[in-house]
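Biologist: I have a few questions about this one. Can you put it on the screen?

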Amino acid sequence: MQLHSEQIVREISAMSYKMRIDVLKMVFNAQTGHLGGAFSSAEILASLYFHHLNIFPDNPEKHERDRLLFSKGHACAMLYAAMAHRGFFPIEELMTFRKMNSRLQGHPDRSKLPGLEIPAGPLGHGIAIGAGMALALKSGSQKPSESSSPSARSSQAKVYTILGDGEINAGVIWEGALVASKYKLGNLTAILDYNGIQQTGATADVMNTEPIADKWESFGWHVQEIHGHNVREILDALDRADEVHARPSIIIARTTKGKGVSFMEYDHRWHGQAPDKQQFELALSELVEGLNIINNNKNNE
């Protein structure tokens, strides 16, 4: 496992707040979107896109790429922000979010936007699709072409799936988990954005899935539990997952719905609510303050 410098951790933390600011502007501009679950996933996506993933923005379909499957599609505004900052498309395009004919729809559409691996209309399919992709990569069946050299036909690429905790109510999640375990898919890592809130309330009240770590372990997965807004913990967990080769891994990231904006945190109403102008200005001031704190820590070192 590699050591991660304070500079890397700080830069990723700062990026997570820049992405939150973008997402707030996107949802306010469109007057539709899902801020709560987007904000809870910011550090996870920033850690993946700006440090861990082997990806190629100028050649999104390159065979050697890691595959990121964003299964919790409601929060796709944060995915778009990460992709834009990573260079998959111009940052200015973020303001077309959920507009007519935009490539940035309310659920990711792979047919419209290069760099997306799966669409995400009905939730719950990320593990099953991820298991299929990981199995294909492991078996060498995902070939660039039949004329490629043998070395090009095998792949060291890994598959990463980001799940929502409301999403794991779906039975297809657990069917996929069984498949991944059966075929010992060490090239598959899931990250569970476990913020404790879903569309209609607390996950513990809607469908209690605790003890969640025990469930995944009983399905044959390597399990880690971390603080999902601590960038160092995220990076370390991803590295540890890469060292597991005989079974799939899941990182249970304990997060806060609406993280970064005090009046949005722990409130299920921000699952699908856009802010009015006063709420937007207050939220923006809090996010800018959060970003300034990170930057000031750099200047004080």
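Biologist: How many residues does the largest nonpolar core have, and which have the most contacts inside it?
Modeller: This is a predicted model, to start with. The largest nonpolar core has 62 residues, and Val23 and Leu45 have the most contacts inside it. Helix α1 (residues 6-30) gives the largest share of this core, 12 residues.

Biologist: What does Leu45 touch, not counting residues up to four places away in sequence?
Modeller: Leu45 touches Met19, Leu68, Phe70, Met78, Leu79, Ala82 and Ile162. Another core, of 27 residues, lies apart from the largest one; among its residues are Leu188, Ala190, Trp216 and Val223.

Biologist: Back to α1. Is Arg20 buried or exposed?
Modeller: Buried: the relative accessible area of Arg20 is 0%, and the cut-off for buried is under 20%. Arg20 is found in helix α1.

Biologist: Which residues is Arg20 in contact with, leaving aside neighbours within four places in sequence?
Modeller: Phe39, Ala42, Glu43, Met78, His229, Lys259 and Leu287 are in contact with Arg20.

Biologist: Which residues in α5 are buried?
Modeller: Gly126, Ile127, Gly130, Ala131, Met133, Ala134, Ala136 and Leu137. The buried residues of α5 pack against β1 (67-70), β2 (159-164), α7 (171-182), β3 (188-194) and α9 (212-218).

Biologist: And what is α5 followed by?
Modeller: Gly140, with a positive phi near 80 degrees.

Note on methods: Residues are numbered from 1 along each chain as its sequence is written. This is a predicted model: local features need pLDDT of at least 70, side-chain atom pairs count only at pLDDT 80 or more; totals for chains, interfaces and linings use all residues. Side-chain values use heavy atoms; hydrogens and water are left out. Buried means under 20% relative accessible area, exposed over 50%, partly exposed in between (1.4 Å probe, protein chains only). Helices (H or I, at least four residues) and strands (E, at least two) are DSSP runs, numbered from the N terminus. Contact means heavy atoms within 4.5 Å. A nonpolar core is a set of buried Ala, Val, Leu, Ile, Met, Phe, Trp, Tyr and Cys residues joined through side-chain atoms within 4.5 Å.
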